Amino acid sequence: MAPFPKPEDLQTAMALQRSLAERVILKGSLKGVKRIAALDASHKRGKPLVTVAVLYHLEKGPLAVGVGVVPEEALFPYIPGFLSFREAPAYLQALEALPEPPEALLVDGQGIAHPRGLGIASHLGVHLDLPSIGVAKSLLYGRLEAPLPLEAGSAVRILSPEGRPLGYAYRSRKGVKPLFISPGHRVGLEEALAFVKHLPTRFRLPEPLRLAHLEAGKALRQLDP
């Protein structure tokens, strides 16, 4: 697996994001994909960053958990819009710890719904050349095309300031806060939404990401009992 770059400054980071964004492919279907890796992170000030990759089979459920740990002093600064430089190296560790590689990535974060078109789901997807989808809990960039209905399964498009579609706001359960779904790499906008809609979802998060969130919290507690 190729090493992940750590830019020396924000200007270099911006230039790298813009360059990699040109390599993002917004076409493709996840039809036939069975084995995904759901990625989430947990961090407490003064402690290492912990990431988790849950290998999840769409028919069999969770198969394995990989964990990545990066000391706080080695982390890229926390700056909105540059999260991938901070978290991706630990995610790569977690993915390497899995017993077998995934066919696609489901990432707690943004895909192309990002000021420079390269959220962490896109960045990881391009770096690993894997289909990827970003499922974020908040909207980083863009605006909703219309108000999102309260009914479960509702979705409205996320548009850039110029009106370009970036993804969807999606209500996974009735009355819960929306999720913000954007394609990362090698998957289309509608296909990304359809894939997330078909994932098992008992709570707000799709089950693979919910498990990753729980595992990340557990791994952090084990480092800081």
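1. Where is Arg-186 found? Arg-186 is in the loop between strand 9 (179–185) and helix 4 (189–197). The model is predicted, and the points below should be read with that in mind. Phi of Arg-186 is near 60°, a positive value in a residue that is not glycine. With a relative accessibility of 31%, Arg-186 counts as partly exposed.

2. Asp-129 sits in the loop between helix 3 and strand 5. Its phi is near 55°, again positive in a residue other than glycine.

3. Ser-182 is buried, and its relative accessible area is 0%. Beyond residues up to four places away in sequence, Ser-182 touches Gln-110, Gly-111, Ile-112 and Ala-113, as well as Ile-133, Gly-134, Leu-166 and Gly-167. Two of these contacts, Ile-133 and Gly-134, bring in strand 5, where both residues are buried.

4. Strand 5 (residues 132–136) is largely enclosed by the rest of the structure, because five of its five residues are buried. In a regular strand the side chains alternate between the two faces of the sheet. Here both faces are covered: Ser-132, Gly-134 and Ala-136 are buried on one side, and Ile-133 and Val-135 are buried on the other.

5. Which way do strand 4 (residues 104–107) and strand 5 run relative to each other, parallel or antiparallel? The two strands run parallel and are joined by three bridges. Leu-106 stands opposite Ile-133 in strand 5.

6. Ile-133 is also a contact of Leu-30. Leu-30 lies in the loop between helix 1 (10–21) and strand 1 (35–42). Although placed in a loop, Leu-30 counts as buried, at 8% relative accessibility. Apart from neighbours within four places in sequence, Leu-30 is in contact with Ala-104, Pro-131, Ile-133, Val-187 and Phe-195.

7. Leu-75 is in turn a contact of Val-70, a residue of strand 3 (residues 61–70). Val-70 has a relative accessible area of 9% and is therefore buried. Leaving out neighbours within four places in sequence, the contacts of Val-70 are Pro-48, Leu-49, Leu-75, Pro-89, Ala-90 and Gln-93. Val-70 and Leu-26 are 44 residues apart in sequence, and their C-alpha atoms are 31 Å apart in space.

8. How do helix 2 and helix 3 cross, and at what angle? The axes of helix 2 (residues 83–96) and helix 3 (residues 120–128) come within 10 Å and cross at roughly 50°. That angle makes helix 2 oblique to helix 3. The crossing is right-handed.

9. The residues that make this helix contact can be listed from each side. Helix 2 contributes Leu-83, Ser-84, Phe-85, Glu-87, Ala-88, Tyr-91, Leu-92 and Leu-95, which meet Ile-120, His-123, Leu-124, His-127 and Leu-128 of helix 3. By class, the contact has nine nonpolar, three polar and one charged residues.

Technical notes. Residues are numbered from 1 along each chain as its sequence is written. This is a predicted model: local features need pLDDT of at least 70, side-chain atom pairs count only at pLDDT 80 or more; totals for chains, interfaces and linings use all residues. Side-chain values use heavy atoms; hydrogens and water are left out. Axes are lines fitted to C-alpha atoms, for helices over the stretch in contact, and angles run from 0 to 180 degrees between N-to-C directions. Helices (H or I, at least four residues) and strands (E, at least two) are DSSP runs, numbered from the N terminus. Angles under 35 degrees count as roughly parallel, over 145 as roughly antiparallel, 65 to 115 as roughly perpendicular and the rest as oblique. A crossing is left-handed if the near helix is turned anticlockwise from the far one by less than a right angle, and right-handed if clockwise. Contact means heavy atoms within 4.5 Å. Ala, Val, Leu, Ile, Met, Phe, Trp, Tyr, Cys and Pro count as nonpolar, Asp, Glu, Lys and Arg as charged, and the others, Gly among them, as polar. Buried means under 20% relative accessible area, exposed over 50%, partly exposed in between (1.4 Å probe, protein chains only). Two strands pair if DSSP finds at least two bridges between them.
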